[in-house]
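Please open the structure in your viewer and keep the sequence beside it, so that each selection can be found in both places. The tour goes from one selection to the next and says what is there.

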Amino acid sequence: MKVLRLFYLIITFLMCTFAHEEVLSNSDSTEREPQQPQHTNNWAVIVSTSRFWFNYRHMANALSLYRTVKRLGIPDSQIILMLSDDIACNPRNAFQGEVFNNADRQLELYGDNVKVDYRGYEVTVENFIRLLTDRWPKEQPRSKRLMTDENSNIFIYLTGHGGDEFLKFQDAEEISSYDIADAIAQMHEMKRYNEIFLMIDTCQANTMYSQIYSPGVIACGSSDLHESSYSHHSDMEIGVAVIDRFTYFTLEFLENVTTTSKATLQDLFDYYTFDKIHSNVGVMTELFNRDPNEVLITDFFANVQKTVIDEPDEDYVYVYDGDINDYPNEGIDSEFETFHHIKNTKQQNKSNNHIIKLNVPKEEHNIISYAITASVIGLFIYGYNSS
């Protein structure tokens, strides 16, 4: 009898200990596991802020990035392209209706597949800020809106003429670093992005992201304070520079990227050297919660679809929403004891042959409850035998 009592005590002790460790283990894993950033859709905002023929390269810069993100899978419906659009048909253009980014003219950028969302005098500071914050009148078409959400990764590219914490729009107005910072802050408050990659190719570009304070933003600029952003080369027949150095080498890197590439943002940043760019490329990572070494290029430049699975707080049962008489009245298994309640309270749908989702109270059965039950039974048997 003493051996039997001792056996019950040992079993009870082991059950309680195991249950306690299970609770601690679940608690620790919940606290220690970092939340993995994830996105379900990609968007791109590509802006050339310049106009006039001598700024040919800025339009070529923007169209080059536009072509790249389209090649990697981001559809036109998720790309916002803002251009002055006064280059292709400019009277000075020896190649009417065409835009090139290289003197060999092997790649024509301005073809039938280019969809310009904002052109000419639509490219303004006000429209750019409205675009980011989605503060439009109700008549604004969806095709000209940035329809993002909290699961969107957004690539924003700006090119043009700038200075210390400002970027000129159409040689008529300026957007400041504070304007961009406040617009992104509004986006964060409105849950309009998961992560943002801001890339700027202009003189003193690194000053343009200096005031950003919202989380989840990583930025890259072509030149530091008091530095110019230089063009790469000119086409003698066109008569002007056709691309900037920073964008040229960005494209050179991205041409080897596919949707399955494992190249990271850090690989891109390391690719920029002073010998190539002729200025000091800047990177801001302080507000970004991931290591650039672990961020794939395709997280921003490609349309890599990912699925976010939400764990429901309650179980759901899916039932056939046909005629009410189609539901059986008897022969129901005991595990579906709530069936009659569902039958009597379900919402009627005017159309038959429809699937509806109904809430069913969730029953918690886990190893902890089993361990506690076994412990109570063990103590009861031990007490009974003692008496």
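Begin with the open sheet of three strands, whose order is 5-6-7 and whose pairing is antiparallel. Its edge strands are strand 5 (162-163) and strand 7 (173-176), each of which pairs on one side only. Helices (H or I, at least four residues) and strands (E, at least two) are DSSP runs numbered from the N terminus, and two strands pair if DSSP finds at least two bridges between them. The model is a predicted one, in which local features need pLDDT of at least 70 and side-chain atom pairs count only at pLDDT 80 or more, while totals for chains, interfaces and linings use all residues. Residues are numbered from 1 along each chain as its sequence is written, and side-chain values use heavy atoms, with hydrogens and water left out.

Now select strand 6 (residues 166-169), which runs antiparallel to strand 7 and is joined to it by four bridges. Phe166 stands opposite Ser176 in strand 7. The hairpin of strand 6 and strand 7 has three residues between the strands, and in this hairpin Gln170 takes a positive phi near 60°.

Select strand 4 (152-159), and ask how many of its residues are buried. Eight of the eight are buried, so strand 4 is largely enclosed by the rest of the structure, where buried means under 20% relative accessible area with a 1.4 Å probe, protein chains only. Ser152, Ile154, Ile156 and Leu158 point one way from strand 4, whereas Asn153, Phe155, Tyr157 and Thr159 point the other way.

Strand 1 (residues 41-48) runs parallel to strand 4 and is joined to it by eight bridges, with Val45 opposite Ile156. Strand 8 (residues 195-201) also runs parallel to strand 4, through seven bridges, and Phe155 stands opposite Phe197 in strand 8.

**A buried lysine**

Move to Lys144, in the loop between helix 3 and strand 4. Lys144 is buried, with a relative accessible area of 17%. Not counting residues up to four places away in sequence, Lys144 touches Ile80, Asp117, Tyr118, Glu122, Leu131 and Trp136, where contact means heavy atoms within 4.5 Å.

**Two packed helices**

Finally, select helix 2 (residues 56-71) and helix 5 (residues 245-254), which pack at an angle of about 15° with their axes 10 Å apart. That makes helix 2 roughly parallel to helix 5, a term used for angles under 35 degrees. To see the contact, display Asn61, Ser64, Leu65, Thr68 and Arg71 of helix 2 together with Thr247, Leu251 and Leu254 of helix 5. Eight of the ten residues of helix 5 are buried, so helix 5 is largely enclosed by the rest of the structure; among these buried residues are Phe246, Phe249 and Phe253.

Conventions:
Axes are lines fitted to C-alpha atoms, for helices over the stretch in contact, and angles run from 0 to 180 degrees between N-to-C directions. Angles under 35 degrees count as roughly parallel, over 145 as roughly antiparallel, 65 to 115 as roughly perpendicular and the rest as oblique. Buried means under 20% relative accessible area, exposed over 50%, partly exposed in between (1.4 Å probe, protein chains only).
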